[in-house]
Amino acid sequence: MSEQRFGEWIVVRRHGHVAELVLDRPKAMNAVSSELARRLAEATSVLAADSSVRVVVLSSTHERAFCVGADLKERNSFTDADLSRQRPHARAAYTGVLELPMPTIAAVHGFALGGGFELALSCDVIVADATAVVGLPEVSVGVIPGGGGTQLLPRRVGSARAAELIFTARRVEAAEAERLGLVDQVVGEGQDRVEALALAARIAGNSPVGLRAAKRALRLGHGLDLRAGLEVEDAAWRSVAFSGDRAEGVAAFNEKRKPDWPGF
């Protein structure tokens with residue numbers, strides 16, 4: 001396993017074709033400061049450009065938190081001008097995770113609140129352990145979810161449920177979160193990272209060209225009418241149909257062997 005650090009608080013660990021993007025600001029429960037946001041955006045930019053990465057797992061080193069959201073201690077010292085200057089860096093961090101071209105999995109335990117939950121929502125799949133507590137409490141401190149929450153949450157749970165959760169600012173524990181669809185899988189306490197990495201390894205065994213095209217079709221087709229969505233799917237299909245991965249996949253199937261994906 002290799003490791004690359006981006007500033008003090010972001011680490012990328014490589015597990016073969018799986019990259020683990022680690023939030024490592026334990027003294028602040030991974031609160032998203034200006035510096036952490038800049039480094040997260042930097043790390044996601046590097047990962048997005050790496051064709052050898054097939055899956056990304058977003059995890060945390062803190063024992064009791066995935067991420068508690070915006071660094072309100074830092075924000076308390078901001079002038080309006082400071083807040084305006086920070087906004088592009090914050091948006092780049094959340095968008096960096098959201099726009100990763102390969103499948104992404106969030107490994108969540110403990111608190112995932114506000115911007116922390118938005119980072120998880122920016123991933124394709126959320127694996128949470130039994131200690132997880134999620135929510136978007138921004139209206140309770142005079143703002144709104146600004147890391148994608150107002151758009152990503154209704155895409156997961158529907159507009160009325162998202163409105164109730166955002167308007168009440170309530171925190172949701174793991175079992176209810178799974179029932180409502182706020183997370184996709186609840187595992188035993190302390191097992192979120194292990195299970196997320198295991199899922200990532202299983203996904204990474206598939207075609208890297210196919211995985212990225214499937215994600216593109218899922219993302220771009222969401223919300224379109226059926227006819228337009230099928231055009232998005234067709235374009236994604238054409239991008240893989242004549243690839244080396246498609247030829248290798250068919251050959252491996254017929255030869256009853258494991259594919260050796262040529263990739264990009």
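The largest pocket is lined by 36 residues, and the ones nearest its centre are Ala-70, Asp-71, Leu-72, Arg-75 and Val-143. Helix H2 (72-76), helix H3 (80-98), strand S7 (111-113) and helix H4 (115-121) are the elements that give two or more residues to that lining. The model described here is predicted.

**The chain as a whole**

- The chain has eleven helices and eleven strands as its secondary structure.
- Its radius of gyration is 19 Å, close to the 18 Å that the globule rule gives for 264 residues, so the chain is as compact as a globular protein of that length.
- Taken along the principal axes, the box filled by the C-alpha atoms is roughly 60 × 45 × 40 Å.
- Buried residues make up 47% of the 264 residues of the chain.

**The largest pocket**

- This pocket holds about 910 Å³ of space.
- H3 gives the most to the lining of the largest pocket, namely seven residues.
- Sorted by class, the lining of the largest pocket has 17 nonpolar residues, nine polar ones and ten charged ones.

**The second largest pocket**

- The space in the second largest pocket comes to about 630 Å³.
- Its lining has 22 residues, and Leu-98, Asp-124, Lys-215, Leu-218 and Arg-219 are the closest to the centre of this pocket.
- Two elements, helix H5 (149-157) and helix H9 (208-221), are the ones that give two or more residues to the lining of the second largest pocket.
- H9 gives the most to this lining, with eight residues.
- The lining of the second largest pocket divides into eleven nonpolar, three polar and eight charged residues.

**The cavity**

- Rolling a probe the size of a water molecule over the atoms shows where empty space is left.
- One cavity of 30 Å³ or more is found when the whole structure is searched.
- The volume of the largest cavity is about 50 Å³.
- The residues that line the largest cavity are Phe-117, Val-134, Gly-135, Leu-136, Leu-153, Leu-165, Arg-170, Val-172 and Leu-182.
- Seven residues of that lining are nonpolar, one is polar and one is charged.

**Aromatic rings**

- A pair of aromatic rings is described by the distance of the centres and the angle of the planes.
- The structure holds one aromatic pair, formed by Trp-237 and Phe-242.
- The centres of these two rings are 6.2 Å apart and their planes are at 75°; planes over 60 degrees apart count as edge-to-face, so this pair is edge-to-face.
- Phe-242 has a relative accessible area of 66%, so Phe-242 is exposed.
- Another ring, that of Trp-9, has the charged end of Arg-25 over it, 4.2 Å from the ring centre.

**Residues with positive phi**

- Most residues other than glycine have a negative phi.
- Ala-169 is a residue other than glycine with a positive phi, near 60°.
- The loop between H6 and strand S10 (172-173) contains Ala-169.
- Ala-169 has 15% relative accessibility and therefore counts as buried.
- Lys-256 is not a glycine either, yet its phi is positive, about 55°.
- The place of Lys-256 is in the segment after helix H11 (244-254).
- Lys-256 has a relative accessible area of 77% and is therefore exposed.

- Ala-163 is part of helix H6 (residues 159-168).
- Its relative accessibility is 24%, so Ala-163 counts as partly exposed.
- Between Ala-163 and Leu-58 there are 26 Å from C-alpha to C-alpha, and the two lie 105 residues apart along the chain.
- Ala-241 belongs to helix H10 (residues 226-241).
- Buried means under 20% relative accessible area, and Ala-241, at 7%, is therefore buried.
- Ala-241 and Gly-142 have C-alpha atoms 50 Å apart in space, while in sequence they are 99 residues apart.

Key:
Residues numbered from 1 in each chain as written. Predicted model: local features only at pLDDT ≥ 70, side-chain atom pairs only at ≥ 80, totals over all residues. Heavy atoms only, no water. 1 Å grid on protein atoms, 1.4 Å probe; cavity = no way out; pocket = protein on both sides within 12 Å on 5 of 7 lines; lining within 4 Å. Points joined across faces, edges and corners; volume = space filled by probe spheres on them. Nonpolar A, V, L, I, M, F, W, Y, C, P; charged D, E, K, R; others polar. Phe/Tyr/Trp six-rings, centres within 6.5 Å; stacked < 30°, edge-to-face > 60°. Buried < 20%, exposed > 50% of the residue type's maximum accessible area, 1.4 Å probe, protein only. Lys NZ or Arg CZ within 6 Å of the ring centre and 35° of its normal. Helix = DSSP H or I, 4+ residues; strand = E, 2+ residues; numbered from the N terminus. Rg over C-alpha atoms; globule rule 2.2 N^0.38 Å.
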